[in-house]
Amino acid sequence: MSAARRCRPPRALSGLFVWCLRNTGVRQIPCRFVHLYHVANGRLITFQYFNFLKRMYVTQCNRDLNQRVKPKSDSAVCPFHALQQLDQEKKVVHEISPVSPVHQSETSSRNELREIKLAAETEDSVLLVGAESKEDRQWKEMKLQLDDLPGILARLSKIKLTALVVSTTSAGFAMAPVPFELSCFLLASLGTGLASCAANSINQFFEVPFDSNMNRTKNRPLVRGQISPLLAVCFAASCGIPGIALLTLGVNPLTGALGAFNIFLYTCCYTPLKRMSIANTWVGAVVGAIPPVMGWTAATGSLDAGALLLGGILYSWQFPHFNALSWGLREDYSRGGYCMMSVTHPGLCRRVALRHCLALIGLSTVAPVLGITTWTFPVISLPINLYISYLGFRFYRDADRSSSRKLFFCSLWHLPMLLLVMFTCKKSVLEKEDKGDLSVGSHETAVKMRLP
Amino acid sequence: PPAHSHSDWIGPPDRLSNLRPVIFYVPPEESALERRLREARQEAQASNQRFWARHNRAFRQEKEEFIYSRLKAKGLEMRDESGQKATLNAEEMAEFYKDFLTKNLKKHLQYNRDWYKHNFRITFLMGQVALVRALRWLRWRKKNVQQ
């Protein structure tokens, strides 16, 4: 599953979602979560969450900037100076802390470092780079530390990405034209989350030497030896098998089959294909499009046109999102041996991104035709769709770092906003009941048959 | 790593290959299966190290050559007046990245196959070792309980 996909969860579950975020163990900005947690208004959550995501991705982008051999922009120069300052600070801290076994001194210095971090007003990205390089230079025992295990497993299963995938699924569930059922919803979300954890773990298991050579991924648990490959596979199996079983038995077989197919597609098709041909991007887009379809089938039990439309919207969204992201990572991809459009077919990369931005406008217009939303949806969503298409066009024309970054950040808020607007414009179930009593009758029996 | 330790130790990333070297612990009563596992891991580590060190070195070298040739074509030197290294912008480097990737594709395909084979073999052996150890521990528990 590509770098990130996000979606706004239904308002009823924003609390749950925020809780999930809280437990992902993001250390750099703990105070942000306080803001998120106390805010009740949906809009504010989006804004704060967007800020959080923006910082997260800016952090990662800045990290790329720091480690590039010949960076072009000037901003790379000042982090370097700040980094040297921090190195000196850390040396002082290290001397002060008492002499103790490697692991303990490392955690205590890390704690002290954290305090300094919160006190100092420097950029998060620089701090992260500094702290990691200090830990990196030490030899570590390859023994499983049980108290670190939750954090390690969270990173192994890419818990943040999993949370985003689950929220996409819940969007699919919410958009389905059936009365909302909490138990089914929770089972579907849990099953999808477990399946996603399994798929991500297997992906990391396959890619250890490649991840260690790319700046973005070199701190993964398997790369750092914090966990053995056997344990990673066992974890994946213990997540995937119950997840798929839960989906098949607790929800319906169609959702279970889709979940299993998605795991297979991601681990056995997308991951090896990344190193063989540029077709991997299309396969990855399908992988990203399936979760909302799963949410829809969990609710209704069948693959309707609505499910395919939602999947189509997410499929189209993947392209501007991923192509813009990969534009800045061309050096790492080239050296790591990944076949990405941004490296081998840059023109195609930009054309495809623009094409799919425009496709989003088209798909939004089809939604009311299929009866999923009212006609206000294409009207309200037109501004944001036009904006992302404009940025896509700028990316197509300029093909430089700033336009790719603008497009990427736009895609981060565009999708949740689009799904939110879609949800608010959802055609109410009551309207449908007025339209035809027969269809309602069959719906009710279908609902009764679906529950175990 | 300390001499009394009973586990493997993993070090910082290698400068050339970016892979983290592992020093394997050889227990005194190592079974044949455990020895096969350790040797498989050592072989995989050595082969990975060879590949990536060579590959990264080639990348760095070819990148320098490319930059040098482009700068010469533009009439500039490697270092400008202030002593800073002259750089090419991202678009010019993109051409190099594309060439490098297409040139090395076959090498990568071969390496992928080898790496997947190593990975599966090591994980399978790890599974066997873990199973044998678990059975041994259960047998020992049963003996203790009986006593």
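A:Asp398 is partly exposed, with a relative accessible area of 29%. That value falls in the middle class, because buried means under 20% and exposed means over 50%. The model is predicted, so every value here is computed from predicted positions. A:Asp398 has a charged partner. It forms a salt bridge with A:Arg394, and the closest N and O atoms are 3.1 Å apart. Both residues sit in helix α19 of chain A, which covers residues 376–398. They are 4 residues apart, about one turn of the helix. A:Arg394 is also partly exposed, at 24% relative accessibility. The pair does not stand alone. A:Arg394, A:Arg397 and A:Asp398 are linked in a network of salt bridges.

Now step back to the chain around that helix. Chain A has 452 residues, and 57% of them count as buried. Its secondary structure consists of 22 helices and 1 strand. How do its contacts run along the sequence? Take the contacts between residues at least 6 apart in chain A: 76% of them join residues at least 24 apart. Chain A exposes about 18,800 Å² of surface. Carbon and sulfur atoms supply 65% of that area.

Chain B comes next. It holds 2 helices and 2 strands. Read along the sequence, their pattern is β-β-α-α. The radius of gyration of chain B is 24 Å, well over the 15 Å that the globule rule gives for 147 residues, so chain B is more spread out than a compact globule. Along its principal axes, the C-alpha trace of chain B spans about 85 × 35 × 20 Å.

How much of chain B is buried? Buried residues make up 36% of its 147 residues. The accessible surface of chain B comes to about 9,600 Å². Of this surface, 55% belongs to carbon and sulfur atoms. Contacts in chain B can be sorted by sequence separation as well. Among those with a separation of 6 or more, 56% are between residues 24 or more positions apart.

Follow the salt bridges next. The structure holds 13 of them over all chains. One of them joins B:Arg133 to B:Glu34, with the closest N and O atoms 3.2 Å apart. B:Arg133 lies in helix α2 of chain B, while B:Glu34 lies in helix α1, residues 32–74, so the pair ties together parts that are 99 residues apart in sequence. Are the two partners buried or exposed? B:Arg133 is partly exposed, with a relative accessible area of 48%. B:Glu34 counts as buried, because its relative accessibility is 12%.

Another salt bridge links B:Arg70 and B:Glu95, and here the closest N and O atoms are 2.8 Å apart. B:Arg70 lies in helix α1 of chain B and B:Glu95 in helix α2, so this pair ties together parts that are 25 residues apart in sequence. B:Arg70 counts as partly exposed, at 26% relative accessibility. B:Glu95 is partly exposed as well, with a relative accessible area of 40%.

Helix α2 of chain B spans residues 90–146, and B:Leu135 is found in it. This leucine belongs to a nonpolar surface patch. Which residues make the patch? They are B:Leu131, B:Leu135, B:Trp137, B:Leu138 and B:Trp140. Together they give a patch of about 570 Å². B:Leu135 itself counts as partly exposed, because its relative accessibility is 44%. That value also passes the patch rule, because patch residues need over 30% relative accessible area.

Finally, look at where the two chains meet. 43 residues of chain A are in contact with 47 residues of chain B. The area buried between the chains is about 4,000 Å². Carbon and sulfur atoms give 63% of that buried area. How many salt bridges cross the interface of chain A and chain B? The rule finds 1. The side chains of B:Lys63 and A:Glu331 meet in a salt bridge, at 2.9 Å from N to O.

How values were computed: Residues are numbered from 1 along each chain as its sequence is written. Chains are lettered from A and ligands numbered from 1 in the order in which they are written. This is a predicted model: local features need pLDDT of at least 70, side-chain atom pairs count only at pLDDT 80 or more; totals for chains, interfaces and linings use all residues. Side-chain values use heavy atoms; hydrogens and water are left out. Patches are made of residues with over 30% relative accessible area and no salt bridge: like charges are joined within 9 Å, nonpolar side chains (Val, Leu, Ile, Met, Phe, Trp, Tyr) within 5 Å. Accessible areas come from the Shrake-Rupley method with a 1.4 Å probe; for residues, only the protein chains shown count as cover. A salt bridge is a side-chain nitrogen of Lys or Arg within 4 Å of a carboxyl oxygen of Asp or Glu. Buried means under 20% relative accessible area, exposed over 50%, partly exposed in between (1.4 Å probe, protein chains only). The radius of gyration is taken over C-alpha atoms; the globule rule is 2.2 Å times the number of residues to the power 0.38. Contact means heavy atoms within 4.5 Å. Buried area is the accessible area (1.4 Å probe) that two parts lose on being put together, summed over both.
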